[in-house]
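Here is a walk through one predicted model, from its sheets to its helix packing. Keep the sequence and the coordinates side by side as you read.

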Amino acid sequence: MTDTIFALSSGQPPAGIAVIRISGPQAGPVLQALAGRLPPPRKARFARLLDGAGETLDDALVLWLPGPTTATGDDIAELHLHGGRAVIRAVEAMLGTFAGLRKAEAGEFTRRAFANGRIDLAEAEGLADLLAAETDLQRRAALAMVGGALSRQVDAWRDRLLTLAARVEAILDFADEDDVAALPPDFAMQVNQLSGEIGEWLARPHAEALKEGYRVVLAGPPNAGKSTLFNALVESEAAITSPVAGTTRDVILRPVAIGGIAFTFVDTAGLREDGDSNDAIELIGIDRARDELERADLVLWLGPESEGPQDAWEIDARADDVSRETKRTPHHRVSAVTGEGMAELKQALIAVAQTAMPRAGDAALNARQHSLLADVQTALEAVAHVPDPLLQAENLRLARMAFDRLVGRATTEDMLDALFGRFCIGK
């Protein structure tokens, strides 16, 4: 943390502008050496950057951001350069000649922000999700996390938890005093209220649903039109279509965004009854198709009516084929060839996926956060059901520790390495 680090923090060159960020105790002296002087804090200034021999590296805008009220908590200098590769190489080479400067590692700027208390762990996870966001729903959920929606809620819960713990500790320390001989009458109610609020957060859709997408599996017997419909839904020729039954022998997945929502569409091998195929490869594909049915958020069933999985949508495909066997009460009647019913099917998929996704702008718990909040709820339920103050105090302590791990007050280096390794070098 005593090193001064630098990295390209903008997109890959060539670009109109390239931003090199320098963070650490040598940021000011380095900027002064390159530009000849320090500009006023937090005001962009034109500067001619010179190398050690006095040759011009670039004409740039420079910013001087003294800590600790910066993104990383350290002194920061930013060089806004022309975005050519040669310019960036020359400036980076010059920075590498300064003592105490080195190139940043992946996620090191954000890790310094966490270490310096500028953000907590939940906010850092939100920032990682924001950088990876591909849909508007992902962006909004990540912004809620970056903005501290979960962190503020955890702090409020933790304050209430500490008040409850203080009351139990008073019983343990001063049990012989009349005025603290018993817990307040509303103690159990407050514990249950806190547990109930956490339960509401646990009941929300997980953040993984945003990242992985709503999983829609197309299933049915061979030659039912699954691959043709799959290609129409993902709007590409991802799957081979053929009148020959059994053309699709493996699972084909395509992530796409429809209406700002991430979907994963899955085309599967045609399902046959056991013993109806002697092709070993096709049988493997059928087994994988059945596995996908178990993982699906929704199954579009193109087979005989009422023979699909429970809660599957009955799809009457090939609506353009008058010789087909029609379904009496399908969820949707479509033709991937003519486009009949496709817009309605997509709108219905968007509507059902929205119910399984976090609401726009809501913070969504990832698996780590969900597990820790579940630990808090388990500990609170134990507090409400054990009369022994010692056990109550211990469970309240376990709940506080889970809160601390959630926002990073207590954590491990391995977990931090895994998190900040998700970031790019310049972040």
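Labels come first. Helices (H or I, at least four residues) and strands (E, at least two) are DSSP runs, numbered from the N terminus. Two strands pair if DSSP finds at least two bridges between them. Residues are numbered from 1 along each chain as its sequence is written, and side-chain values use heavy atoms, with hydrogens and water left out. This is a predicted model, where local features need pLDDT of at least 70, side-chain atom pairs count only at pLDDT 80 or more, and totals for chains, interfaces and linings use all residues.

How far can the coordinates be trusted? The score to consult is pLDDT, the predictor's confidence in each residue, from 0 to 100. The chain has a mean pLDDT of 88, and 91% of its residues reach 70 or more. Over residues 240–247 the pLDDT is below 50, and this stretch has 16 contacts in the model beyond near neighbours in sequence. A contact here means heavy atoms within 4.5 Å. Where pLDDT is low, the predicted coordinates should not be read in detail.

Strand E2 (residues 15–23) and strand E5 (residues 76–83) run antiparallel and are joined by eight bridges. Ile20 stands opposite Leu79 in E5. E2 also has E1 as a partner: four bridges join these two antiparallel strands. Ala7 has Arg21 of E2 as its bridge partner. E1 and E2 form a hairpin with six residues between them. Pro14 lies in that loop between E1 and E2. The peptide bond from Pro13 to Pro14 is cis, with omega near 0°.

These strands belong to an open sheet of six, in the order E3-E4-E5-E2-E1-E6, with mixed pairing. Strand E3 (45–50) and strand E6 (101–103) are its edges, each pairing on one side only. Neighbouring strands of this sheet are turned by 30° against each other on average, direction ignored. Such angles run from 0 to 180 degrees between N-to-C directions, and axes are lines fitted to C-alpha atoms, for helices over the stretch in contact. Helix H3 (residues 108–115) lies across strand E1 (4–8), E2 and E6, and runs at about 135° to E1.

Two loops deserve a look. Pro68 sits in the loop between strand E4 (56–65) and E5. The peptide bond from Gly67 to Pro68 is cis, with omega near 5°. Arg42 is in the loop between helix H1 (27–35) and E3. Its phi is near 60°, a positive value in a residue other than glycine.

Now move along the chain to another sheet. Six strands form an open sheet in the order E8-E9-E7-E10-E11-E12, again with mixed pairing. E8 and strand E12 (332–333) stand at the edges with a single partner strand each, so one side of each is left without a neighbour in the sheet. Strand E8 (residues 252–258) and strand E9 (residues 261–267) run antiparallel, joined by seven bridges. Leu253 stands opposite Val266 in E9. The two strands form a hairpin with two residues between them, and Gly259 in the turn has a positive phi of about 60°. Strand E7 (residues 214–219) and strand E10 (residues 298–301) pair in the parallel sense over four bridges. There Val217 stands opposite Val299 in E10.

H11 lies across E7, E8, E9, E10, strand E11 (313–316) and E12, running at about 115° to E9.

What remains is helix against helix. Two packed helices are described by the angle between their axes and the distance between the axes. The axes of helix H9 (residues 226–234) and helix H11 (residues 342–356) come within 11 Å and cross at roughly 70°. H9 and H11 are therefore roughly perpendicular to each other. Angles under 35 degrees count as roughly parallel, over 145 as roughly antiparallel, 65 to 115 as roughly perpendicular and the rest as oblique. The contact is made by Leu229, Ala232 and Leu233 of H9 and Met342, Leu345, Lys346 and Leu349 of H11.

The axes of helix H12 (residues 367–385) and helix H13 (residues 389–407) come within 8 Å and cross at roughly 165°. That makes H12 roughly antiparallel to H13. Residues in this contact include Leu372 and Val376 of H12 and Leu396 and Phe403 of H13.
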